[in-house]
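Try each task before you read its solution.

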Amino acid sequence: MDPFDSNSTERANLPRNMIENSMFEEEPDVVDLAKDSAAFPTFPALDPDEVAYEPRSSRLLVRGLGENDMDEDEEDCESSARLLGMSFMNRSSAQRSSSSPYSRQAPPRSCARPSARTMVVCVLFLVIVASMTMVLYFLPGCTFTKTGCPKANKTTPFEPVYPVSTNGELFPWAQFQLPHSIRPLSYDLTLDPDLDNMIFTGRTVISMLVLHNTKRIVLHSANLNITKATFKLGDGEPSDVTVLEYKPNQQIAVKFSEDLKAGQYCVLTLDYSANLSHTYDGFYNSSYTDKDGNKRVLAATQFEPLSARKAFPCFDEPAFKATFLIKISRKPDYLTLSNMPKAKTTLLPSGLMQDEFEKTSVNMSTYLVAFIVANFSPISKNVSDTLVSVYSVPEKTEHTDYALDTSSKLLEFYNNFFEINYPLKKLDLVAIPDFLAGAMENWGLITFRETSLLVGKQSSPLEKQVVASVVAHELAHQWFGNLVTMSWWNDLWLNEGFATYMQYTSLQTVLPQLDIGNLFLAVRFRALDKDALNSSHAVSTEVNTPEQVEEMFDSVSYEKGASILLMLNASLPGDQQFRKGIIQYLKQFSGLNTDTDDLWNCLTQVEVSTQHQNVSEMMSSWTSQKGFPLVTVSLKGDQVTLTQEHFLLTSDNATHTSSLWNIPVTYVNDSCSSAPECRQVFTLKTKSGTFKLPGSVKWLKLNYRNTGFYIVHYGDEGWAALREALSNNVSVLTHEDRASLIHNIFALSRLGRVSFLHVLNLLNYLSNETETSPVTEALLQLNNIYRLLDKRQEHSLVARMKNYILSHFGSLMNKQTWEEEDSVSKQELRSALLETACSLNEENCTHQAKALFKQYVESNGTSRIPGDLQQVVFNVAAQSTEDWSTLLGMYGHAAYDAEKRKMLRGLASTQDVRRIVWILKAGLKGDIIQTQELPLVINTVCNGFAGYLFAWDFIQENWDRLIEKFPVGSFAIQTVIKSATSQFSTQTHLDQVQGFFSSLKERGSQMRSVQEALETIRLNRRWMDKNLSALRKWL
Ligand SMILES: [Zn+2]
């Protein structure tokens, strides 16, 4: 549950500037120190937490002074400034040092016996700094917004700077991130879950090291009722302590009258009770119905990003790595699982069994801890020195073979590829009946949605592709994320971009028959589409609130992250250099935390080419600024001119238009265009660049195989030459290049750089196209426009668009068979073509689909519909009243999870509004349709004409219930918002969407996905205004 929402009353008690502004939350210690420190101004070694993060206002202030030449004596004053919380470090270096706290152990130089001159300078400096700070801080009628601009403030600023704990005492910490004076070393967790009453009790024993003298221990806890707390310092006796709680930041604290001294060891023991969560995070309950119709309950965990604190009090930030020893009690007919193998089982006096797991052999972040209490069954296999097991509910054990086989192959691959063996003795992959994400990479205990792990023996290769890619992603995390972890959520892409990149590249080697390349290409196109918005963000971006942490789980961190890694790998000479760099990175930082620069530095160090390419310099242009470049090429004889500009769909004339990227531009030409050796590279670092070709050429195609993260404009002549080349011979370019031309021209039309006539002209070549990726990209783009027209009720254009699609793809559609098909690529092509054909009511298609459904129903489960055709068959069936009910009956009993999900999408694709309303409500209620499927249901309903306005009403009416299930900012909520709003294109809808979200205030108005939604509607409207009349002419 969203903590800010549940604790809104506590928030209301805060001074206004603290609620709004995380920047100001960094300030209080400054004032507090000046006020309370008896030693001031002799500056003893105060708690260095106060210097960890600099307030931005002060940074400007001190930088301005600091730029003057300082002599050695004056440097003493820098120490003073540091003690006032005005570190000269930049933010990222502050975070680096927080991950390796020892670097800050040296106490600041003392001002105790300074020279007279130093004294004078120090005092003068302090007076200036203090008065300027006071002026800024107490500026009448002024507080600071997130962007640092002053805005009106009606409250009096003279209020306490520390927040108030639940018991009324001052809470000794006001920041979102924890102080770094204390480092947790190990946790002993004892958990006693009661699945009958959905509660649990726990005891957490945390052993800690004091890194810097401090009078407080601050850690995380959320929704836990702490019943007893004791503290032991060194070899002393344990004594009871009072725990203060500050709910808005989900923090608890213990205050001490005397300093805990640097180097001391101490132990905090906390007893607590809590409810098992009824959402999808923390220690939550799940249930399923077994084959005898009985409801079976279980409990599982999902901690990433901020929910370990809901299961046990802890230092819940990725940089606080520690070891864990976990004990869990259970009924005799249940089993428990955790990160490590089971060490022993004890019979408790209560009759329950207590399982104790081995202490983790590695230091790990809290978000990777996991435990499960359930009655699952496993299948297992030894791979190298690791026991790999796949667990599911007992009824589905027969669907686990593929996952076991695939994970074993991938584990071996990664062990070799990274040259570091997976460090644990066991690896469990567990399918959980209620699970919101696709999967979670908990170390040694990876949890999955059932649809991401379980497939039947007869399942199609396309269904297996889903399982294999999720398994490949999560296994890659065991190195990227688990072994080496980002220091803070701003660099989440180091986990997710890498795992996404490895998921595609490992499968190309390990399971080439899965043809994963088309999927990787398609996700790169979607990442470009999202990143073209002004509301996008840099790959590595500042994160200061729980919502912002949640929002990092988006396609920029995942798919753009993976895309820029692909671009880097493709631009390095040889195929081993990239791998060498990441092996070096993993070895150098094994067990530690990193930021983006660490990765680029490792890759620069192994750079061996004659060009001595500086990877850091090149890649930081891709990670530190949002968006990507549009490269425009012009060709005059043998002279090529390239220019770059920010590809920004909505220009606000802001600073971003001056962004420049370091682009490894690749190109091929008409004389050598498809083989890898044809590829040439030109690095474009400046606004424009020119180079000469060996001779004149007819045309150039840039971004060979679309491995670069940019869009290309060829100008009228360039596009015409490419069109002509393709109409003469489709295979003159690789299929990736053809798909990239299609993607790019649609994007340029959306940008307003080419007319839609240009788009249609290029698509004329498609009558000769038979490859999957160009066809599916064209269908996706055309379907998007078709839906926009449909929702605008442009009936005659909708009919003409339908004719256009059928005339261009009709013969290819009719060539598709309805039998089993082995090739994944052909399955992808077939399902895309037939789903479009049937959705347009193409008679041949609907006829075949209905026949297949009838045969399926009548066979009573003995005949199967080929996996890639199930969706189109269920979609067609769901349009008839009778078959919809049949399908709903089947949905309740479906054995195969992938098939079941397609049935649900079929059910939600109905155009009967009463059924649409029913299915939306059922998804929210969660009994017949699991609530975890609600985002999918909403997405499907919104694609159809009949339901998209109902879905929008439904979301508005049920917003509070939605954010109770899916956290504000989470990927599920992003999906819901995008689905509901991305097809609006009128001012009325824009006003409605804006009105609704701004009324939410802290319940979601600040989300980036809201900005994205508004921007998308404006762009849709702009595109319509510009193209409607032209479409009437051209279609
Ligand atoms: Zn991941």
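Contact means heavy atoms within 4.5 Å of each other. Helices (H or I, at least four residues) and strands (E, at least two) are DSSP runs, numbered from the N terminus. The model is predicted: local features need pLDDT of at least 70 and side-chain atom pairs count only at pLDDT 80 or more, while totals for chains, interfaces and linings use all residues. Residues are numbered from 1 along each chain as its sequence is written, and side-chain values use heavy atoms, with hydrogens and water left out.

**Exercise 1. Describe the surroundings of α22.**

Step 1. Start with burial, where buried means under 20% relative accessible area, exposed over 50% and partly exposed in between (1.4 Å probe, protein chains only). Six of the eight residues of α22 are buried: Phe756, His758, Val759, Leu760, Leu762 and Leu763.

Step 2. Now look at the partners. These buried residues pack against α20 (715–728), α21, α23 (772–791), α24 (795–815) and α36 (1008–1034).

**Exercise 2. Work out how α21 and α22 are arranged.**

Step 1. Axes are lines fitted to C-alpha atoms, for helices over the stretch in contact, and angles run from 0 to 180 degrees between N-to-C directions. Helix α21 (residues 735–751) packs on helix α22 (residues 756–763) at about 165°, and their axes are 9 Å apart.

Step 2. Classify the angle: under 35 degrees is roughly parallel, over 145 roughly antiparallel, 65 to 115 roughly perpendicular and the rest oblique. The two helices α21 and α22 are therefore roughly antiparallel.

Step 3. List the contact. α21 contributes Leu741, Ile742, Ile745, Phe746 and Ser749, and α22 contributes Phe756, His758, Val759, Leu762 and Leu763.

Step 4. Sort by class: Ala, Val, Leu, Ile, Met, Phe, Trp, Tyr, Cys and Pro count as nonpolar, Asp, Glu, Lys and Arg as charged, and the others, Gly among them, as polar. The contact of α21 with α22 has eight nonpolar residues, two polar and no charged.

**Exercise 3. Which residues coordinate the zinc ion, and how are they spaced?**

Step 1. Donors are N, O and S atoms within 2.8 Å of the metal (3.2 Å for Na, K and Ca); water is not among the atoms, so sites may look incomplete. The zinc ion is coordinated by His473 (NE2), His477 (NE2) and Glu496 (OE), at 2.0 to 2.1 Å.

Step 2. In sequence, these donor residues follow the spacing H-x3-H-x18-E. Histidine 473 lies in helix α12 (residues 461–477) and glutamate 496 in helix α13 (residues 492–510), 23 residues apart.

Step 3. Check their burial. Histidine 473 counts as buried because its relative accessibility is 6%, and glutamate 496 counts as buried at 1%.
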